[in-house]
Amino acid sequence: MNTVEKARISDVTQMHQLINYFADKDEMLPRPLSEIYENIRDYFVVRQGERIIACAALHVMWSDLAEIKSVAVAEGSQGQGLGDQLVEACLKEAKELGMPTVFCLTYKPAFFERLGFSQLDKMELPRKVWGECYRCPKFPDCDEVALIYHLEA
Ligand SMILES: CC(C)(COP(=O)(O)OP(=O)(O)OC[C@H]1O[C@@H](n2cnc3c(N)ncnc32)[C@H](O)[C@@H]1OP(=O)(O)O)[C@@H](O)C(=O)NCCC(=O)NCCS
């Protein structure tokens, strides 16, 4: 049984490869190695022996808002519930932190909608969210869909 764990420094190279494999296919945004190292505490992984087969991150933006990002499951391991487990781990951590709202920006809105997320106009997200967008290769033509999830008090 594959379990979701917090990431370790030694996982970063593989997480970077996994995320950027899908970014090259335009399925998600790329992340530089430096950003993953700097935010290593945000990341969850699923291991299979020495291999990282899935990852996701919860990044705190402000007092009332966190982002779920970089949800990636290796092709050979998809369809086994790992994506769901990773999002659930992020939501659990958000709840433990006392975070009322979580959002994501994605090309796969239907995956998140099944989990209770609802779509909203990107422009309704606070300006703070756009702080890192200038580094995005797609800036300023963001074509991701924004979704939001409200955690119970
Ligand atoms: C999207 C992704 C994270 C899903 O991970 P996964 O481990 O295959 O998903 P799960 O096995 O947990 O799937 C759970 C459910 O989600 C559904 N699902 C999977 N991908 C979906 C998608 N793109 N759209 C809608 N539903 C999807 C599955 O059919 C399954 O439904 P079921 O429980 O009714 O059978 C994975 O396909 C992936 O890493 N894709 C490439 C990167 C990417 O697009 N990330 C998106 C977020 S930025």
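**Figure 1. Lys25 and Glu27 form a salt bridge in this predicted model.** A salt bridge here is a side-chain nitrogen of Lys or Arg within 4 Å of a carboxyl oxygen of Asp or Glu. The side chains of Lys25 and Glu27 qualify, at 3.9 Å from N to O. Lys25 is partly exposed, with 39% relative accessibility. Glu27 is also partly exposed, at 27%. The pair belongs to a network: salt bridges with shared partners join Lys25, Glu27, Glu75 and Lys108. In total, the structure holds 12 salt bridges.

**Figure 2. Arg114 pairs with Asp84.** Their side chains meet in a salt bridge of 2.8 Å, N to O. The two residues are 30 apart in the chain, and the pair links distant parts of it. Arg114 sits in the loop between α4 (109–113) and β6. Asp84 belongs to helix α3. Asp84 is partly exposed, at 23% relative accessibility.

**Figure 3. A salt bridge joins Arg47 to Asp11.** The closest N and O atoms are 2.8 Å apart. Arg47 lies in strand β2, and Asp11 in the loop between β1 and α1. They are 36 residues apart, so the bridge links distant parts of the chain.

**Figure 4. Seven strands build an open sheet.** The order is β1-β2-β3-β4-β5-β7-β6, and the pairing is mixed. β1 (4–6) and β6 (118–120) are the edge strands, each pairing on one side only. Neighbouring strands are turned by 30 degrees against each other on average, direction ignored. Strands β2 and β3 run antiparallel and are joined by six bridges.

**Figure 5. Helices α1 and α3 lie across the strands.** Helix α3 lies across β1, β2, β3, β4, β5 and β7 (145–150). Here the angle to β3 is about 30 degrees.

**Figure 6. The largest nonpolar core has 24 residues.** In soluble globular proteins, nonpolar side chains tend to be buried together. Those with the most contacts inside this core are Leu58, Ile68, Val87, Leu91, Val102, Phe112 and Phe117. At least two core residues come from each of β2 (43–48), β3 (51–62), β4 (65–73), α3 (82–97) and β5 (101–106). Helix α3 supplies the largest share, seven residues. Another core, of 16 residues, lies apart from it and includes Met15, Ile19, Ile36 and Val45.

**Figure 7. Phe117 touches residues from elsewhere in the sequence.** Neighbours within four places in sequence are left aside. Its contacts then include Ile68, Val87, Leu91, Val102 and Cys104. Phe112, Leu147, Ile148 and Tyr149 are also in contact with Phe117.

Figure 8. The cut-off for a disulfide is 2.5 Å between sulfur atoms. The count for the structure is zero disulfides. Cys55 is buried, at 0% relative accessibility. Cys142, by contrast, is partly exposed, at 34%.

Note on methods. Residues numbered from 1 in each chain as written. Predicted model: local features only at pLDDT ≥ 70, side-chain atom pairs only at ≥ 80, totals over all residues. Heavy atoms only, no water. Core = buried A, V, L, I, M, F, W, Y, C linked by side-chain atoms within 4.5 Å. Buried < 20%, exposed > 50% of the residue type's maximum accessible area, 1.4 Å probe, protein only. Helix = DSSP H or I, 4+ residues; strand = E, 2+ residues; numbered from the N terminus. Contact = heavy atoms within 4.5 Å. Pairing = 2+ DSSP bridges. Axes fitted to C-alpha atoms, helices over the stretch in contact; angles between N-to-C directions.
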